[in-house]
Structure formats: structure tokens, C-alpha cells
Amino acid sequence: MQTIVLRGRGEFTEWRDAARRLMMANVEPQAIDWRIEDERGRLTGLDEADGQRALSGIGGPADALLPATAAAIHVPPAFIELAESVICHSEPARFALLYRLLWRIRTERNLLQIVSDADVIAARRLEKSVRRDSHKMKAFVRFKEVASTDPTGRRRSFFAWFEPDHYIVARIAPFFRRRFFDMDWVIATPKGSAAWDGDALTVTDEPAVKPELTDVTDDLWRIYYANIFNPARLKVKAMTAEMPKKYWKNLPEAELIPDLIANAEAKVIEMAERAASQPPAFHARVQERVAADLADPDAPPAGTLEALKFEARRCTLCDLHCKATQTVFGEGSEQAGVMFVGEQPGDQEDLAGRPFVGPAGRVFDQVLNEVGIDREGLYVTNAVKHFKYEPRGKKRIHQKPNQSEIQQCRWWLKQEVDLVQPKLVVAMGATAYFALTDQKDRLEDVRGRPFGMTEGRKLFVTVHPSYLLRIPDAARKAQEMDRFTREMTMVRELATALQ
Ligand code: URA
């Protein structure tokens, strides 16, 4: 019997060199006893004396019979690919299995294509398990930031602890180098470690010891996980298959899982209740409203702002009513001296049925407050009375109304102006300006000063508050906010002068 001793830590060339020598010496598979030297230099499965003997002449007593070097053996590339993967498995029988396949491939060149062959099945099973382990390592390595090891201090340093089933560190390390090229990192495991310092990737097969580390990125993982967790899609079995429990101890987000699962049912009920308040299809809504309005004995008297609002509930002048929840009409004092006109209701306004109550409304309110304008005394409306949006996943993304939609809706705006009779109309943004004047000037050319309108009314143009919300650069945002505030101060002064 020929004893072959390998370190067995996923290094393909180690097995390949031994296999070549054995093949050259024509050693049959059943005449080989493959052994693994454990981390402490002992042989698994041998008693002390045998172990010493085998180690002293690595390869065992018959090793001298083998050629010292071996010529390459030609095998199909598919075998090399399979063997490189199988060798990473921690199953001790992998060396014998691969040698048996190698031995047989000499005479059965298509062996790997025989999917019912017991050796092929066994090898494919090991290959699959290595593939799965590799996939899990790519998915579940969680880096923690540690003190930078870069002498220039420019590169940040990270550490991750992972516990793979197999010897896959060397195999997967290039993936992490590609993915995290611009930071220094170490991934330590009980089956070897990999380190990248921006220049060199170092891999060792020595077992590492888990250190105690936590950092703020743990919280980020938890926040991220809680946000992507969808209780309505929860399938505990599928979830634990995808994220097996054995990985949980090294995943900061895993501590949330028991609670998320326990509360999933209640969350789904809560979501369903929210979904139940979704509006019915548009035609049903419109018909319902028309019928209800015509039969309503308390309908407001014709010619009033209330009557106009009542009538606008069933507006179908353009297609926007089809997807919107409801008409969002203007609101405020019928005696208002100042009328503010925005673009169109947003997501929150569409649900609330009131203008400027969402994020843009909050900016609007804040600046009104700052400059000392009381919203109660104003009339606030929009150029377009229905929310125009594009559904994207669960979100409704705002879309600008087009020219025809603005023109159709002008009918309502004109009546609002005629009924309220404001002395000053403030157009916030280009849509409001176009709706009020039919002009398409650049906002920059017309903002910040009053223009004359019919009936001695004044028009003042400024930006839309949501424009301010969209400015990404903080300094510019602050600048634009100042400018908007100054223009709103001018509005207050104009309003006082026009009283
Ligand atoms: N934007 C608008 O133009 N009007 C609103 O009511 C809300 C956001």
C-alpha cells in the first residue's frame, strides 16, 4: 500500500503532483492510502507510530519507488476544472475519488459525461458544495473598519471573519481583490486567510483565530437589512436555505431576524390595511362622484369658490384624473389679497386632497414663517389639479405636466383668480408662470420683480420650493434658499403696499 500524505488545504498542485507521480509509476487507485496532515502536523486516521513513519518519508515507505518528478498527463480541461474545485472540499475522501477518476479517464475519455457514474456523481456533489460555499462567502463576508495599516493613512483598512465549510479562501480571494480594490483588507477564517494591501494579494492556509471586533458598519448592515426585509414575502424555509443559520453568528444583521420573523404577520396585516385604503379605479370613482354630487342636497351655491371646488371633484378635462386619487383644489381665504400658484399636487397632496402639505409644502411653510407671512390669510393653489406620476415599484414618481394638461387646467385656475380677486399672484416655478401668462420665458429672466396683470393685479415670479429640495450641493442649496427667502420678503412687502 502506498501512503500519500498531503496538507489538504485546498491546494490543487499538491494533489496534482502526487497524482502525476503515482500515474507514472502505474500505481492503481486501490493501492493508495491518501492521508491528510492536520494543522498540528499529525496524520488523520493513523496511529502515532504509523503517522511518524508516513511523515518521515512523506509518501510512506514505498515513496522511493515513485519517480521524483512527473511529466504532465493529458486530461480533458473539464477534469482539471472539476478537480480544482473538488480539491477545496473538506471531505477526506476527495483525493482518492479524484485519483480514481483520473485513472479511469485514461481509458474512458468521456467519463465525465456519464452523469449516472457513481464517481462522477460523487465528484459533482463535492463540486456543488464548494460552489455553494464560495457563493456564501461572497455574500456573507462582513468587513469591519480597523485602524489603517496604510503608512500614508490614505487607504482605509478592514477586517472580516468568516467560517467557510471548505478550503475556498485562495479560490475566492481574487473576487474580493476585484470588488474591494481601493481598500486594505484581511479576511480571516479557520481555513486560511487572505489579505490585500493595494499591491499584493497574500493568501495563507494557516487557520486564524476569531478576534472580538465591532464597529459602526454593523449598524449600517442592520438598518439595510431591516429596510429590505419584506414581511409579505417571508418564507422562513427559503430564507434559512439562502442564509443558513450557521452563518448568522458572523452577520451583524442576523440578530434582527427572529424579531422580524415574529412580527411579520402583524406587519403584513398592517400593510394590507394600508393597501385597502387605495383608491378604486378612476371610472368607478368619477361615476360615484358625479352621482353623489348631483344628488347632494347640500351642494354649495353656484358662483362660489366652494361650488367651483365641488365641481372640480369630477373634472375629466384631461387624462390625469385617471390615475390620481382625487382633484386637489386650491384652498384658503376667499378674501385673500395674495394667491400662490404651484405646479401640481405631489404624492402626499394627492392622498391628502390639499395643496402643499408634503415636502415642498414644508419648505414653503418654513419660509412663509421666516418672512412673516401668515398662510391662513393666503389662497394657495396649483396650475394643475391632479397629480401626474409614473409608478415605479411601490413609488409614484412625479412627472411634469405637459402643455396641454396645463392649458386644460387653466380653466379652473382662471376661475379661482376671478373669484378670489387677489391683488398679487405669486407664480412658483415655470409651470405656474406659463399657466398664468401663456409665456415660456426662462424663470431666471422674470423672477424677483413684479409685472402688471389685467385688472390692476400684480404678478410676482419665483422658484418652486421643490426645486430647492432637489439641489444636491449644500452650499448652493443654502444660497438658493436665501434668494427664495429674499424674494418671499419682497412678496410680503408688495402685498402690504397693494393692500
Ligand atoms: N408641488 C406643487 O406644485 N404643489 C403642491 O401642492 C405640492 C408640491
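**Ligand site and aromatic contacts**

A polar side-chain atom of N382 is placed 2.7 Å from a nitrogen atom of the ligand, a polar contact being a pair of N or O atoms within 3.5 Å. Of the accessible area of 240 Å² that the ligand has on its own, the protein covers 93% (Shrake-Rupley method, 1.4 Å probe). The model is a predicted one, in which local features need pLDDT of at least 70 and side-chain atom pairs count only at pLDDT 80 or more, whereas totals for chains, interfaces and linings use all residues. Residues are numbered from 1 along each chain as its sequence is written, and side-chain values use heavy atoms, with hydrogens and water left out.

The backbone also takes part at the ligand: a backbone N or O atom of Q344 lies 3.0 Å from a ligand nitrogen atom, and a polar backbone atom of F356 is 2.8 Å from a ligand oxygen atom.

Across the whole structure, 20 aromatic pairs are found (ring centres of Phe, Tyr or Trp, the last by its six-membered ring, within 6.5 Å; planes under 30 degrees apart are stacked, over 60 edge-to-face and the rest tilted). The rings of F12 and W15 form a tilted pair, with centres 6.1 Å apart and planes at 35 degrees. F12 counts as buried at 11% relative accessibility, as does W15 at 1% (buried, under 20% relative accessible area, 1.4 Å probe, protein chains only). Ring pairs also link F143, F158, F175, F176, F180 and W185 into a cluster.

Methods
Polar contact = N/O pair within 3.5 Å; in protein donor to acceptor, adjacent residues only side chain to side chain. Buried < 20%, exposed > 50% of the residue type's maximum accessible area, 1.4 Å probe, protein only.
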